[in-house]
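Morning, everyone. I'll walk through one model today, contact by contact. Have the picture up while I talk.

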Amino acid sequence: MNTFADLVKNLFAFLEADFQFIPENTDENRVEYKSPHLHVLFGWYKGEIDVDFYVQAETEILVPYRTRMFRLYEVVRCYDKHALESAPRFPNYITTLDDCRRELKFAAKVMRAYCADVLNGDIAVFEKLASRS
């Protein structure tokens with residue numbers, strides 16, 4: 001695996017296999033998985049890795065340009081406030097592919113453990129998070 005995109009495609013292959021997401025590689029530092037109800041965006045920019053959910057539904061609570069993007073770790077904490085306590089210690093800035101691999105491996109683990117409902121199209125957790133703000 002030579003790029004961030006390669007790592008994402010390998011570690012998050014379950015999005016395609018188990019949840020029928022379609023991958024879209026926009027460049028070596030950005031990958032998006034799409035389904036009709038949810039897009040999952042992976043990006044590696046300026047020493048940070050982003051794993052974000054973009055809800056495609058519009059409801060009274062989930063409105064465009066305000067409450068339709070949610071970070072993976074925010075969603076996981078909504079399910080279990082202690083879920084991230086077991087996270088490995090990551091450097092302040094993710095600048096090497098090895099550090100990137102470690103964080104993506106952890107992100108894949110918690111996404112599998114906590115986000116099956118979300119990946120199947122259940123938007124309740126997103127509405128709960130949006131109503132808090």
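Start where helix 3 touches helix 4. From helix 3, Leu72, Tyr73, Val76 and Tyr79 meet Glu103, Phe106, Ala107, Val110, Met111 and Tyr114 of helix 4. Contact here means heavy atoms within 4.5 Å. By class, that contact holds nine nonpolar, no polar and one charged residues. For the classes, Ala, Val, Leu, Ile, Met, Phe, Trp, Tyr, Cys and Pro count as nonpolar; Asp, Glu, Lys and Arg count as charged; the others, Gly among them, are polar.

A word on the source. This is a predicted model, where local features need pLDDT of at least 70 and side-chain atom pairs count only at pLDDT 80 or more, while totals for chains, interfaces and linings use all residues. Residues are numbered from 1 along each chain as its sequence is written, and side-chain values use heavy atoms, with hydrogens and water left out.

Now the geometry. Two packed helices are described by the angle between their axes and the distance between the axes. Helix 3 is residues 72-79 and helix 4 is residues 97-114; they pack at about 40°, with axes 10 Å apart. That makes helix 3 oblique to helix 4. The cut-offs: under 35 degrees is roughly parallel, over 145 roughly antiparallel, 65 to 115 roughly perpendicular, and the rest oblique. Axes are lines fitted to C-alpha atoms, for helices over the stretch in contact, and angles run from 0 to 180 degrees between N-to-C directions. Helices (H or I, at least four residues) and strands (E, at least two) are DSSP runs, numbered from the N terminus. Helix 3 passes helix 4 in a left-handed crossing. Left-handed means the near helix is turned anticlockwise from the far one by less than a right angle; right-handed means clockwise.

Look at Val76, in helix 3. Is Val76 buried or exposed? Val76 is buried, with a relative accessible area of 0%. Buried means under 20% relative accessible area, exposed over 50%, and partly exposed in between, with a 1.4 Å probe and protein chains only. Not counting residues up to four places away in sequence, Val76 touches Ala83, Leu84, Val110, Tyr114 and Cys115.

Helix 3 has another partner, helix 6, residues 124-132. Their axes come within 10 Å and cross at roughly 95°. Helix 3 and helix 6 are therefore roughly perpendicular. Here Glu74, Val75, Cys78 and Tyr79 of helix 3 meet Val125, Phe126, Lys128, Leu129 and Arg132 of helix 6. That contact has six nonpolar, no polar and three charged residues.

Next, helix 1, residues 4-11, against helix 4. The axes come within 10 Å and cross at roughly 25°. So the two helices are roughly parallel. The crossing is right-handed. Phe4, Leu7, Val8 and Leu11 in helix 1 meet Leu97, Cys100, Arg101, Leu104, Lys105 and Ala108 in helix 4. The count is eight nonpolar, no polar and two charged.

On to the aromatics. How many aromatic pairs does a search of the whole structure find? Eight. Take Tyr33 and Phe42: ring centres 6.0 Å apart, planes at 80°, so the pair is edge-to-face. Rings of Phe, Tyr and Trp (its six-membered ring) pair if their centres lie within 6.5 Å; planes under 30 degrees apart are stacked, over 60 edge-to-face, the rest tilted. Both Tyr33 and Phe42 are buried. Ring pairs link Phe12, Phe14, Tyr33 and Phe42 into a cluster.

Last, the loops. Most residues other than glycine have a negative phi. Gln20 has a positive phi of about 60°, and it is not a glycine. Gln20 is found between helix 2 (14-19) and strand 1 (22-27). At 54% relative accessibility, Gln20 counts as exposed. Lys46 also has a positive phi, near 50°. Its loop runs between strand 3 (38-45) and strand 4 (48-55). Lys46 counts as exposed, at 82%.

Ser35 sits in the loop between strand 2 (30-34) and strand 3. Ser35 is buried, at 8%. Leaving aside neighbours within four places in sequence, Ser35 contacts Phe21 and Gln56.

Finally, Gly121, in the loop between helix 5 (116-119) and helix 6. Gly121 is partly exposed, at 30%. Gly121 and His37 are 84 residues apart in sequence, yet 5.8 Å apart C-alpha to C-alpha.
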